[in-house]
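Open the structure in your viewer and keep the selection tool at hand. This tour goes stop by stop.

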Amino acid sequence: MSGVVFAGEAVGRAVPLVAGALGASGIAVAALPSRLAMRAELRKRWRTWAIAAPVFLGALFLGAGGAFALAAALGATAVGEYVRMTGLPRAEYAVLLVAAVVLPALAWLVPAAVDGRAVDLRVVALLLVVAALPALLAGDNERGFTRCACTVFALLWIPLPLTGLVVLGDTAVAVGLAVALGDVGAWCGGTALGRRGVLARSLSPLSPSKTWAGVLGAAGATAVALGAVGAFTPVLWAAVLAGCVLGDLLESMVKREAGVKDAGSWLPGFGGLLDRIDSLLLALLLAMVVTA
């Protein structure tokens, strides 16, 4: 409806890769020795992946309507976690919740609101006004600016990028798969190469465990994933890699100021939804920029 064709080709190419990755990793996790400290955690993560991967691919296989449903569900859950972390009032929560549903709906049902892959400037202007309204109407002269700034940031960080699931079409499948394997590649790279030397240096004090070795692992894994589904281009690869690297640091910054370890506690092995999709959000946003 928006001019984006969901032929299912990318999903068809992704299914064997995902099935193979889940199968191989499942065998590896099952074979881990019981004395390994991370065994239980890795098993939880595998079970979460085994459920999340079919849901993600299945929603996108259904077309733009499925992509809208997925984007709205992810957005509504993520803004709930964000509001709890930042302590925003109910009025701002309502604004973010509506945006989490309306923005993907606009991308699906009103193509004029999303010109190609660039959101119409009128939509952005309206978002800025709506974000400021609760604090303005409440006359909050103590936290008004902070409330407004946190709300605008959330709009740009959560609902807006998730419209990429609708407007990017089959490319959204490639980006989602590449981000997932990029996270695994970063963990493997950091574990294998991040013990000493230049590659062991931390990217940022925000997340000391994230090293240059992890970046190297993510770079290789994202390139392989994009190539496997026939979507590799240097520009898209750079966008996805930047999302993998910077998305996690961005969420770490929010969590550190909020004084929390995880965005939630309901997602086995990960914490909250934001802890799982932080890289995907930035990768989708950058992918929309480079493919516009």
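What follows is a short walk through helices, salt bridges and a surface patch.

**Before you start.** This is a predicted model, where local features need pLDDT of at least 70, side-chain atom pairs count only at pLDDT 80 or more, and totals for chains, interfaces and linings use all residues. Residues are numbered from 1 along each chain as its sequence is written, and side-chain values use heavy atoms, with hydrogens and water left out.

**Stop 1: helix α4.** Select residues 90-109. This is α4, with 20 residues. Helices here are DSSP runs of H or I, at least four residues, numbered from the N terminus. From first C-alpha to last, α4 reaches 28 Å, close to the 28 Å expected at 1.5 Å a residue. That expected span is 1.5 Å times one less than the number of residues.

Now centre on A99. A kink of about 25 degrees in α4 is centred there. The bend is the angle between axes fitted to the seven residues ending at a residue and the seven starting there.

Which residues of α4 are buried? Among them are E92, V95, L96, A99 and L103. Buried means under 20% relative accessible area, exposed over 50%, and partly exposed in between (1.4 Å probe, protein chains only).

**Stop 2: E92 and R147.** Select both side chains. They meet in a salt bridge, 2.9 Å from N to O. The pair links distant parts of the chain: R147 lies in helix α6 (residues 144-157), E92 in α4, 55 residues apart. A salt bridge is a side-chain nitrogen of Lys or Arg within 4 Å of a carboxyl oxygen of Asp or Glu. E92 is buried at 0% relative accessibility. R147 is buried too, at 8%.

**Stop 3: K255 and E251.** Move to helix α11, residues 234-258. K255 and E251 form a salt bridge, with the closest N and O atoms 3.8 Å apart. The two are four residues apart, so about one helical turn separates them. Both are buried.

**Stop 4: E41 and R45.** Go to helix α2, residues 39-61. Here the closest N and O atoms of the E41–R45 salt bridge are 4.0 Å apart. E41 is partly exposed at 31%, and R45 is partly exposed at 32%. A search of the whole structure finds eight salt bridges.

**Stop 5: a nonpolar patch.** Select V129, L133, L136 and L137. They make a nonpolar surface patch of about 430 Å². L137 sits in helix α5 (residues 121-138). Is L137 buried or exposed? L137 is exposed, at 72% relative accessibility. Patches take residues with over 30% relative accessible area and no salt bridge; like charges are joined within 9 Å, nonpolar side chains (Val, Leu, Ile, Met, Phe, Trp, Tyr) within 5 Å. Accessible areas come from the Shrake-Rupley method with a 1.4 Å probe; for residues, only the protein chains shown count as cover.
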